[in-house]
Amino acid sequence: MFDMELLRGHLREVAERLARRSFKLDASRIESLEERRVAMQALADQVQVARNTRSELIRQARARGQDVTLAMAEIDSLGEQLNAARIELVGIQAELDRILLTIPNLPDASVPQGSGEDGNIEMRRWGAPRQFDFEIKDYAELGERCGGMDFEAAARLSGANFSVLRGHIAHLHRSLVQFMLDLHTAGHGYKEVYVPYLLQASAMQAVGHFTDEEDHFLIKRESERNLYLVPSLEASLSNLVAGQILDGTALPQKFVAHGPCFVSKVSTSGRDRRGIMRQRQFDEVAIVQIVEPSTSMQALEEMTVCAERVLQLLQLPYRVMNLCCGELGFSAVKTYRLEVWMPSKCQHLEVGTCSISGDLNARRMQTRWRDPETGKAELVHTLSGSGLAVGVTLAAILENYQEADGSIKVPVVLESYMREYGTR
């Protein structure tokens with residue numbers, strides 16, 4: 001939820017900053033509601049004071065044995081006025097809260113201006129694309145030719161935008177997951193967590209996922225709260241600290257999890273219908289940090305380096321993009337996008353992102369940290385990232401490690417995992 005105090009003190013400035021990401025803030029509506037709220041709060045306070053004063057006079061009159069019938073009628077009238085004022089205050093605040101939930105985060109000053117891909121800035125790239133002396137095949141063809149990707153079976157089971165992996169391709173997928181988890185836990189200090197894939201609406205909303213049936217898979221339940229299939233494990237991991245006041249000496253908290261994610265709206269055109277780039281169900285290794293605010297920008301840089309390390313060890317060329325304002329996700333203050341090289345397309349494609357959300361999600365989750373020196377409790381900052389998207393990473397391996405006969409070499413760092421699973 002957006003910071004109402006920031007709006008009260010800097011409404012026009014906030015509107016200008018939000019315009020950088022093509023969001024039009026209804027400043028006039030907010031001003032009108034805030035004026036009504038202040039006026040109604042003042043009226044409620046006045047009536048409360050008057051009611052308290054009359055109550056004290058009645059108490060004194062009763063002690064003297066005087067008739068208080070008329071005074072009691074006046075007390076009842078003041079009570080009705082107070083109740084009406086409070087009801088209107090609740091309505092005004094509810095409308096303000098609804099507006100606050102729709103306001104995206106403010107972009108950091110280091111986020112480039114722009115509304116689309118052309119506005120993104122390349123920060124760095126790593127690795128040189130391999131030069132092939134034979135015709136390059138794309139990952140879907142490679143996977144189908146070896147029997148490791150079965151899109152027809154997936155379509156029979158679930159329709160478009162699903163995939164079935166078999167044999168050594170399935171093993172390679174599993175090896176990738178284990179490799180990523182081992183790297184982030186043993187190498188980067190993240191704590192592995194197994195989390196639910198079904199969340200309540202409040203948990204989804206806490207991290208900026210609006211529970212619209214058209215955007216997410218909804219499970220309706222008659223006698224219990226509805227549940228949603230997670231669009232990203234960030235939602236589950238971040239909510240682990242919801243409603244808590246964390247000891248400042250225990251920060252940062254770093255979580256990693258692997259699991260499936262589900263999105264209702266995906267591309268259904270062209271080859272994406274039978275590939276693994278645009279899936280309704282996909283696996284990711286997600287990383288999340290809960291940090292003290294002064295360290296959050298440094299944490300974003302470190303998180304991005306951790307995600308990059310996956311691609312470096314796999315020897316996959318990639319680049320890191322600083323996303324422009326128009327490309328930021330709803331909760332993001334700043335986002336780095338990792339793009340891996342795909343030979344069949346002669347371009348880099350997204351394989352993961354790392355974002356800082358500032359205190360926006362923490363305000364929704366009501367998650368604070370207590371400064372050990374001052375004892376004051378303040379909102380934490382949250383960060384989330386991909387470490388990485390497993391399916392896209394798998395596709396990149398198939399394309400970058402393909403041989404002329406259609407076979408696939410296994411990256412050196414994965415050889416031990418593949419031997420462990422009994423296949424190469």
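This is a predicted model: local features need pLDDT of at least 70, side-chain atom pairs count only at pLDDT 80 or more; totals for chains, interfaces and linings use all residues.
**A short tour of the model**

Hi everyone, let's start with the cysteines: a search of the whole structure turns up zero disulfides. A disulfide here is a pair of cysteine sulfur atoms within 2.5 Å. C261 is in no disulfide, and the nearest cysteine sulfur, that of C354, is 15 Å away. C325 is in no disulfide either; its nearest cysteine sulfur belongs to C324, 6.7 Å away.

Residues are numbered from 1 along each chain as its sequence is written, and side-chain values use heavy atoms, with hydrogens and water left out.

Now the aromatic rings. How many aromatic pairs does the structure hold? There are four. Rings of Phe, Tyr and Trp (its six-membered ring) pair if their centres lie within 6.5 Å; planes under 30 degrees apart count as stacked, over 60 as edge-to-face and the rest as tilted. W126 and Y318 are a stacked pair, because their ring centres are 5.8 Å apart and their planes are at 20°. This pair links distant parts of the chain, with W126 in strand β1 and Y318 in strand β11, 192 residues apart. Helices (H or I, at least four residues) and strands (E, at least two) are DSSP runs, numbered from the N terminus. W126 counts as partly exposed at 28% relative accessibility, whereas Y318 is buried at 1%.

Another pair is F179 with Y417, which is edge-to-face, at 6.4 Å centre to centre with 70° between the planes. F179 lies in helix α6 and Y417 in helix α12, so the pair ties together parts 238 residues apart in sequence. Are these two residues, F179 and Y417, buried or exposed? Both are buried.

One more ring to look at is Y190. K254 lies over its face, at 4.7 Å from the ring centre. For that, NZ of Lys or CZ of Arg must be within 6 Å of the ring centre and within 35 degrees of the ring normal.

Finally, the backbone. Most residues other than glycine have a negative phi, and most peptide bonds are trans. With that in mind, where are the cis peptide bonds? One joins L251 and P252, with omega about 0°, and P252 sits in the loop between β8 and β9. Another joins G387 and L388, with omega about 20°; L388 is in strand β16.

As for phi, S22 has a positive value of about 60° although it is not a glycine. You will find S22 in the loop between α1 and α2, and at 60% relative accessibility it counts as exposed. Q315 also has a positive phi of about 60° without being a glycine. Its place is the loop between α9 and β11, and Q315 counts as exposed at 52% relative accessibility.

Conventions. Buried means under 20% relative accessible area, exposed over 50%, partly exposed in between (1.4 Å probe, protein chains only).
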